[in-house]
Amino acid sequence: MTLSRRAAIGAAATLYAAPTLLHARHAAAQASAPPVVGPAFHRFEVGALKVTVVTDGSNVRPNATQGLVVNATPEQVGSAMSAAGLPGPAMRNPYNVTFVETPRGLVALDVGTGGAGGPGTGALQDNMRAAGLDPARVLLIAHTHFHGDHIGGLTSNDGAALFPQAMVVVPEREWAFWTDAGEESRATEARRPGFANVRRRFAPYLDRMTRFAPDAEVAPGIRAVATNGHSPGHTSFLIADGTAQALVIGDAITAPAFFMVNPDWCPVFDMDPAMAVDTRKRLLDRAATERMPVVGYHFDMPATGRVERAGTGYRLVPGAA
Ligand SMILES: [Zn+2]
């Protein structure tokens, strides 16, 4: 694997030019399709690029006022839910993957939970087929970061690659962190299993992986944007064609009712909270100023919208893409 931006682009170009990298094993079907809440997919265009957001499903956090936002009181979190029209205290947490039809092949930005989010999750491959996207047609997977709900869908439970034709590109900082034995040994008990999960999920792809630099073009029309903080190498992806653009933000911002309205609030999952706050503010300012549609991995379907300034923070105007 290589580290340079040029090499990452080169790898992607090689991939598209030589679609004969065959892995015979076909995707094992997921055991059963969990119920879908809302549409299974949402399609829009960025210039000439066709973008489809496909849900992997969702689960429900029984009480979002406790333990999710580390620097707000349960009362403050409850008020934010009320203000957003959410009944609470339970809150649904969706998982949504973005696909881009580029001139040279189908690209996936993350791959869903693989069912790791419980019985309501793991529906990505079924919902892809419902959207007319054959998993075997995915030629490139680009990852935002390595938390389990974003890489679980790489493999079946028995470790087989679920995307038989796909090359995989990953942020170099993210790879460096999760493959560092020292980081693993220093990790909290809650985070340590994530290291073994990274080894397990990427295992069948190791001979077709490339690392990319923070601002690399990972595929035609898709550029990495470093949005570190949620994890060490967390990356968003700017999809652009001419003046049309959309930003797939990954987990830089998760629940809009909390973290757009209060960009200073931190979900327990942010690994470097101070950096995550800086990143969030920069990203929100850019999205609002440029009136740029954003796509959120954990937004409710259709998982897209525009960002507007509101009071001391921001708000999402859903579906404006
Ligand atoms: Zn996530």
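# Cores, zinc site and strands

Colleague: Which residues have the most contacts inside the largest nonpolar core?
Modeller: A nonpolar core is a set of buried Ala, Val, Leu, Ile, Met, Phe, Trp, Tyr and Cys residues joined through side-chain atoms within 4.5 Å. Buried means under 20% relative accessible area, exposed over 50%, and partly exposed in between, using a 1.4 Å probe and protein chains only. The largest core has 55 residues, and those with the most contacts inside it are L109, F237, F258, M260 and V294.

Colleague: What kind of model is this?
Modeller: Residues are numbered from 1 along each chain as its sequence is written. Side-chain values use heavy atoms, with hydrogens and water left out; local features need pLDDT of at least 70, side-chain atom pairs count only at pLDDT 80 or more, and totals for chains, interfaces and linings use all residues, since this is a predicted model.

Colleague: Which residues does F258 touch, leaving out those up to four places away in sequence?
Modeller: A contact means heavy atoms within 4.5 Å. With residues up to four places away not counted, F258 touches A64, L68, V69, V77, A80, M81, M91 and W265.

Colleague: How many residues are in the second, separate core?
Modeller: F99, L106, A108 and Y205 are included in that core. This second core is separate, and its residue count is 33.

Colleague: On to the metal. Which residues coordinate the zinc ion?
Modeller: Donors are N, O and S atoms within 2.8 Å of the metal (3.2 Å for Na, K and Ca), and sites may look incomplete because water is not among the atoms. Here the distances run from 2.1 to 2.2 Å.

Colleague: Which geometry does the zinc site have?
Modeller: Four donors count as tetrahedral if all angles lie between 85 and 135 degrees; four count as square planar and six as octahedral if opposite donors are over 155 degrees apart and all others between 65 and 115; anything else is irregular. Among the four donor atoms here, the angles are 88 to 166°. That makes the site irregular.

Colleague: How many residues apart are D149 and D251?
Modeller: D149 is in helix α4 (residues 148-151), while D251 sits in the loop between β11 (244-250) and α8 (256-259). Helices (H or I, at least four residues) and strands (E, at least two) are DSSP runs numbered from the N terminus. So the pair links distant parts of the chain, with a separation in residues of 102.

Colleague: Is D251 buried or exposed?
Modeller: D149 has 19% relative accessibility and counts as buried. D251 has a relative accessible area of 3%, so this residue is buried.

Colleague: Which residues of strand β1 point to one face and are buried?
Modeller: Side chains alternate along β1 (residues 41-46).

Colleague: How many bridges join β1 to strand β2?
Modeller: Two strands pair if DSSP finds at least two bridges between them. β1 and β2 (residues 49-61) run antiparallel and form a hairpin with two residues between them, where G47 in the turn has a positive phi of about 60°. E45 has K50 as its bridge partner in β2. The number of bridges joining β1 to β2 is six.

Colleague: Which residue in β7 stands opposite V169?
Modeller: Strands β6 (residues 167-171) and β7 run parallel and are joined by four bridges. In β7 (residues 209-212), M209 and R211 point one way, T210 and F212 the other, and all are buried. The residue opposite V169 is T210.

Colleague: Where does the side chain of T102 reach?
Modeller: T102 is in strand β3 (residues 91-102) and is buried, with a relative accessible area of 7%. A polar contact is a pair of N or O atoms within 3.5 Å; within protein, one must be able to donate a hydrogen and the other to accept it, and residues adjacent in sequence count only if both atoms are side-chain atoms. At 2.8 Å, the T102 side chain reaches the backbone oxygen of G105.

Colleague: What is omega for the peptide bond from M301 to P302?
Modeller: P302 is in the loop between β12 (294-296) and β13 (304-310). The bond from M301 to P302 is cis, with omega near 15°.
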